[in-house]
Amino acid sequence: MEQIIDIQHLNKSFGTHEVLRDVNFSVSKGEVVSIIGSSGSGKSTLLRCINLLEKASGGQIFYHGENILDNKHDVADYRKHLGMVFQQFNLFNNHNVLKNCVVGQVKVLKRAKEEAEKVAMHYLTVVGMDKYINAKPRQLSGGQKQRVAIARALSMNPDVMLFDEPTSALDPEMVGEVLKVMKDLANSGQTMIIVTHEMEFAKEVSDRVIFMDKGVIAEEGSPEQIFHNPIQERTREFLKRTLVKQPS
């Protein structure tokens with residue numbers, strides 16, 4: 001399988017605080033990789049380093065074989081190939097749904113407005129938001145906003161979609177509609193790296209699961225192995241805490 005992203009010996013510190021330590025993993029075309037772990041384990045920072053929203057303190061990130069951390073690399077060009085979906089949607093509040101999905105295509109990809117609108121409509125239909133193209137973000141529920149954010153990212157035709165806890169800001173009844181869209185994307189062959197606390201979802205859609213703890217990859221394997229037969233004691237402890245049934 002064609003390797004898209006390969007991360008080698010990645011480190012990230014904020015001052016004296018080491019957030020990521022010697023992180024190594026790769027993602028191949030069409031693969032869905034979920035990253036799980038406690039708050040503060042470095043998951044979101046790792047995603048932000050991949051997208052260059054944070055500058056790594058050391059190590060290498062290869063994109064199609066090229067180290068994007070060397071100074072020769074065009075950051076803006078690299079970012080064009082990554083779709084990012086944040087916890088807090090990050091929609092433009094002054095634009096309607098359609099324009100939210102068009103503006104990046106026109107500005108960054110230099111697409112003609114008509115073509116950009118056609119692409120946007122396609123992905124808004126995919127996420128079930130085509131009926132809301134004239135609505136402003138304030139008129140939408142959290143789940144609807146997140147689906148628009150996913151359509152906006154897809155409209156850029158990214159190589160890889162990055163999701164940073166996309167359901168954590170949602171009311172419980174809206175989580176399902178976003179996870180369904182993501183599940184459909186995974187089934188369509190979209191390459192995805194997902195930071196998530198939705199364990200059942202990670203178990204169901206992932207090709208591979210990475211468990212992070214205190215800035216390192218503590219364990220990595222298939223969903224079957226990680227969820228049903230974890231090797232590390234700290235993985236077992238985390239899953240026991242996370243999967244424990246809440247009293248009704």
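**Entry 1: strand β9 and its partners**

I began with strand β3, residues 32-36, which is joined to β9 by four bridges, the two running parallel. The model is a predicted one, and I read it as such.

Next I checked the pairing of β9 with strand β10, residues 216-221. Five bridges join them, and they run antiparallel. F211 turned up again here, with E219 as its bridge partner in β10. I then looked at the hairpin of β9 and β10. Two residues lie between the strands, and K214 takes a positive phi near 50°.

Is β9, residues 208-213, mostly covered or mostly open? I found six of its six residues buried, so I noted it as mostly covered. Side chains in a regular strand alternate between the two faces of the sheet. R208, I210 and M212 are buried on one side. V209, F211 and D213 are buried on the other.

**Entry 2: A202**

I moved to A202, which sits in helix α7. Why does A202 count as buried? Its relative accessibility is 0%, and the cut-off for buried is under 20%. I listed its contacts, leaving out residues up to four places away in sequence: S34, I36, T196, V209, P223 and F227. A202 and E173 are 29 residues apart in sequence, and their C-alpha atoms are 18 Å apart.

**Entry 3: the open sheet**

I traced an open sheet of four strands. Its order is β2-β1-β4-β5, and the pairing is antiparallel. β2 (17-28) and β5 (66-67) are the edge strands; each has a single partner strand, so one side of each has no neighbour in the sheet. I then followed β1, residues 3-14, to β2 and found eight bridges between these antiparallel strands. L10 stands opposite V23 of β2. Helix α1, residues 43-50, packs on this sheet and touches β1, β2 and β4 (58-63). I noted an angle of about 120° between the directions of α1 and β1.

**Entry 4: nonpolar cores**

In soluble globular proteins, nonpolar side chains tend to be buried together. I searched for such groups here. The largest nonpolar core has 38 residues. The residues with the most contacts inside it are L124, V148, I150, M161, F163, M182 and M192. At least two residues each come from α3, α4, α5, β7, α6, β8 and α7. α6 gives the largest share, eight residues.

I opened up L124. Residues up to four places away aside, L124 touches V97, L98, C101, M129, D130, I133, V148 and A151. Another core, of 29 residues, lies apart from the largest one; V27, Y63, I68 and F86 are among its members.

**Entry 5: the whole chain**

The protein chain has nine helices and ten strands. Its radius of gyration is 18 Å, in agreement with the value near 18 Å for a compact globule of 248 residues. Its C-alpha atoms fill a box of roughly 55 × 55 × 35 Å along the principal axes. Buried residues make up 52% of the 248. Of the contacts with a separation of 6 or more, 66% join residues 24 or more positions apart. The accessible surface is about 12100 Å², and 48% of that belongs to carbon and sulfur atoms.

Technical notes: Residues are numbered from 1 along each chain as its sequence is written. This is a predicted model: local features need pLDDT of at least 70, side-chain atom pairs count only at pLDDT 80 or more; totals for chains, interfaces and linings use all residues. Side-chain values use heavy atoms; hydrogens and water are left out. Two strands pair if DSSP finds at least two bridges between them. Contact means heavy atoms within 4.5 Å. Axes are lines fitted to C-alpha atoms, for helices over the stretch in contact, and angles run from 0 to 180 degrees between N-to-C directions. A nonpolar core is a set of buried Ala, Val, Leu, Ile, Met, Phe, Trp, Tyr and Cys residues joined through side-chain atoms within 4.5 Å. Buried means under 20% relative accessible area, exposed over 50%, partly exposed in between (1.4 Å probe, protein chains only). The radius of gyration is taken over C-alpha atoms; the globule rule is 2.2 Å times the number of residues to the power 0.38. Accessible areas come from the Shrake-Rupley method with a 1.4 Å probe; for residues, only the protein chains shown count as cover.
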